[in-house]
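Biologist: Please show me the model. I want to go through its helices, domains and chain contacts with you.

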Amino acid sequence: MTTAASTRPRGARPGWFARARGRVGVHAVLAILMIVWLLPTVGLLVNSFRQPAAVSASGWWEGLTPPYDLTLENYAHVLARNGIADAFINSLFITIPATVIPILVAAFAAYAFSWMEFRGRNLLFVVVVGLLVVPLQTTLIPILRLFASLGINGQFLAVWLAHTGYGLPFAIYLLRNYMGGLPREVFESAAIDGASPVTSFFRLALPMSVPVIAALAIFQFLFVWNDLLVSLIYIGAANPDNLPLTVNLANLVNSLGGGWQALGAAAFLSMALPLVVFFSLQRFFVRGIVGGSVKG
Amino acid sequence: MDDRLITAIVVVVGVPGVLVGYIWGTEQVLRLFGGRMQPRIRPWLWLLPALGFLGVFLVYPTIGTIIRSLQDKAGTEFVGLANYAWFFSNDNALSALKNNVLWVVFLTVFTVGIGLLISVLVDRVRYESVAKSVIFVPLAVSMVAAGVIWKFMYEYRPPGEVQIGTLNAALGAVGTGPVAFLQAQDFSMNTFALIAVMTWMWTGFAMVIISAALKAINPELLEAARMDGANEWQVFRGIIFPLLVPTLAVVSTTIVITALKAFDVVYTMTSGNLETDVIANLMIKQMFSFGDFGRASAIAVVLLLAIVPIMLFNIRQFRSQEAVR
C-alpha cells in the first residue's frame, strides 16, 4: 500500500533535506491528530476499568498511576445481564440483511443511473439524493401504521425493510458517484463483445467498485448496529425477544438510574464487532483496482 | 434454536439470492419484448426495487408531513401557513436556525478538511491502517457512549476543586482557570463544543470515502508527473485534487445534510438549553413535549427546503461529470 512512496527513484531530484523535513512534518501532523482522536476514547476505556466511586472523584489518568485499583466488575456486570447473548445474535440477524439488501438494491439503481439512458434520469437522481434530508423521526408513525396493517411489527423483516429504505439515498448517491466515474470504454467494449447488462454489472461494475462498496458496507453496518430508535419503534413492545444489543444496553443505563460507570464497559463491548468489520474490510482499500481492471 | 437456524439461513443465503435472482429475472422478462423496447424498459426494472423502498419509506411519509404542516395542532383543521409564520417569528426557532448555520459551515469545513488531510498524508506512511483505524474508532461508538465520553472531556468543576475533566485538567496544568465549555455562551462557545464532538465522530466518515476515491486514482498518473519533476504539492494541486472533486462534493453534501439534521449530540449533552438548540431538536420537542405535529411538520419541511441550494449545486456537478467522462 505504501510502497509507491518508498520505491520510486529518489536520486534524480535535488533537495533531500526539504524532503526529509517534509516527511517529519507528515509524521508530526499524523501523530498529533491520532493523539487528539484517541484521547477521549482512552479516557473512557480507563474509566471502564475503575471503581464507580473513583470515576467521579478523580480524572481517568489517575487510573494509570499507583494505586491502580482497577476492576473487571463493570464488564462482569454488563455480561451477566439476562438475554445479552440473545440480544447479540438478534443484532447480527438485524444488521447483516439490513446491510446486504440496501447495498445490492442501491448498486442496481446506481448502475442504471450511471450507464443506462432514460428520460428524467438527472431529475430522478436529484430527488433520490434530496431524500437524504428527510428526518427519520417524521417517518416513524406512518410506517408503524403500515407495518401494523401488514402484521409484520416485531419481526426482523420490518427492521430490514425500514433500514433499507432509510439507507438507500446515501448508498445510491455514493455508488452512483463512483460507478459514474469508471471508464466508459470498459462498458462499451463489453457491450460490443455481446455482454448483457447483467454480465457487465456482475463482472465489471461490481468488482471495480469494491473500495467504495467496502466503505458503504462499513457505514451501513455501523448505522444499523448502533441504531436504537428504529428497533425500539418497529420491534419494541410487539416482540421483545427480537430486540438487539443496543436496546438491551440502553435498558441497563436506565435501570441503574444514570449508571454510566457500566456504560463505559457496555460501550466497548458493543464497539468490538464494528471494529472487527472495519479491520477486515480495510484490506479492500487498496490502490489500483480500477487501473488493473482496465488493463486486463 | 430451530427458528434461529432458519433465520440464519434466510439471512445469509436467502436475502442475497432473492435480489440476484430478481436482476437475472429481468433479462428473461426483457426477452419477451422487441429489441427496440428493451433499452427503454430495462433501466426502470433496475430501478424498481430502489424506487419501491424510497416511495414507501421516505416519499409517502414526506407527503404526509407536508400536508400535516398546513394543519393545526390536533390535525383537524387546515391553517394555511400559520405554522411557518410561527417558525419565522419565534426567537427560539431563529436562534436554532442561526446555530444550524454554524453547524453546517464549521462541521463541513472541519470534517472534510481534516478527512482530506489525513487521507492524503496517510497514503505516504507505513502505518496507514493504524492511523486510519484511530480516526475511525469514534464512528463505531454509539451516540449515547459518545455523549458519556465527551462529558468526561468537558467536565467542569468550580476553580479550586479537583478537575476530573480531561480538558480542564489540561488547562489547569498550563496554569489557566477551568472553562465551562458546555455553558459558556460567549461567541457561541458551547455550540462549538458540540460541533467538536460531531467533528470527532464524522471525520472518520469523510476519511474513509475520500481515501477510497484516492485509491482509485491510477498510480501511473502520479508517477508520470513525479518523473516530470513535479513536487508533491504540484501533484496534489494538479492531479489528485481535481480527480477528488466529485467525491468531495458527495462527502460535503452528506455532511451538510448531517449538520442540518444534527440532533443526538445536542439532545444528549445540553438538551438544547443555553442557546445551543438546533432545528431537529426543536422539531422533536414540538412532537413529543408539546404534541404539536403541525408545527413539528412545518419544521421538517423547512429542513427539506434548506437543501434546495445544495441540490442545485449537485446538478451542476453531475452535468460537468457527464461532460468529461
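Modeller: First, a definition: axes are lines fitted to C-alpha atoms, for helices over the stretch in contact, and angles run from 0 to 180 degrees between N-to-C directions. Helices (H or I, at least four residues) and strands (E, at least two) are DSSP runs, numbered from the N terminus. This is a predicted model, where local features need pLDDT of at least 70, side-chain atom pairs count only at pLDDT 80 or more, and totals for chains, interfaces and linings use all residues. Residues are numbered from 1 along each chain as its sequence is written, while chains are lettered from A and ligands numbered from 1 in the order in which they are written.

Biologist: At roughly what angle do the axes of α6 and α8 of chain A cross?

Modeller: Helix α6 of chain A covers residues 121-130, and helix α8 of chain A covers 156-180. Their axes come within 8 Å. The crossing is roughly 130 degrees.

Biologist: What does that make α6(A) relative to α8(A)?

Modeller: Angles under 35 degrees count as roughly parallel, over 145 as roughly antiparallel, 65 to 115 as roughly perpendicular and the rest as oblique. The angle here is roughly 130 degrees. α6(A) is therefore oblique to α8(A).

Biologist: Which residues of α8(A) make the contact with α6(A)?

Modeller: Two residues are in contact if their C-beta atoms, placed from the backbone, lie within 7 Å. α6(A) supplies A:F125, A:V128 and A:V129. From α8(A) come A:P169, A:I172, A:Y173 and A:R176.

Biologist: How many residues of that α6(A)–α8(A) contact are nonpolar?

Modeller: Ala, Val, Leu, Ile, Met, Phe, Trp, Tyr, Cys and Pro count as nonpolar, Asp, Glu, Lys and Arg as charged, and the others, Gly among them, as polar. The contact of α6(A) with α8(A) has one charged residue and no polar ones. The nonpolar count is six.

Biologist: In chain B, is the crossing of α5(B) past α8(B) left-handed or right-handed?

Modeller: The axes of α5 (128-140) and α8 (189-215) of chain B come within 6 Å and cross at roughly 130 degrees. A crossing is left-handed if the near helix is turned anticlockwise from the far one by less than a right angle, and right-handed if clockwise. The crossing of α5(B) past α8(B) is left-handed.

Biologist: Which residues of α5(B) meet α8(B)?

Modeller: The α8(B) side includes B:W200, B:G204 and B:V208. The contact divides into nine nonpolar, three polar and one charged. The α5(B) residues are B:K132, B:I135, B:F136, B:P138 and B:L139.

Biologist: How far apart are the C-alpha centres of the two domains of chain A?

Modeller: Domain bounds come from an automatic or database domain assignment. In chain A that gives domain 1 (16-71) and domain 2 (81-295). Their C-alpha centres lie 32 Å apart.

Biologist: Which element gives the largest share of the domain 1 side touching domain 2 in chain A?

Modeller: Six residues of domain 1 of chain A meet five of domain 2 of chain A. α2 (16-47) and α3 (52-57) each give two or more residues to the domain 1 side. The largest share, three residues, comes from α2(A).

Biologist: How many residues of the chain A side touching chain B come from α2(A)?

Modeller: Here 96 residues of chain A are in contact with 91 of chain B. The chain A side divides into 67 nonpolar, 25 polar and four charged. α2(A) gives the largest share, 14 residues.
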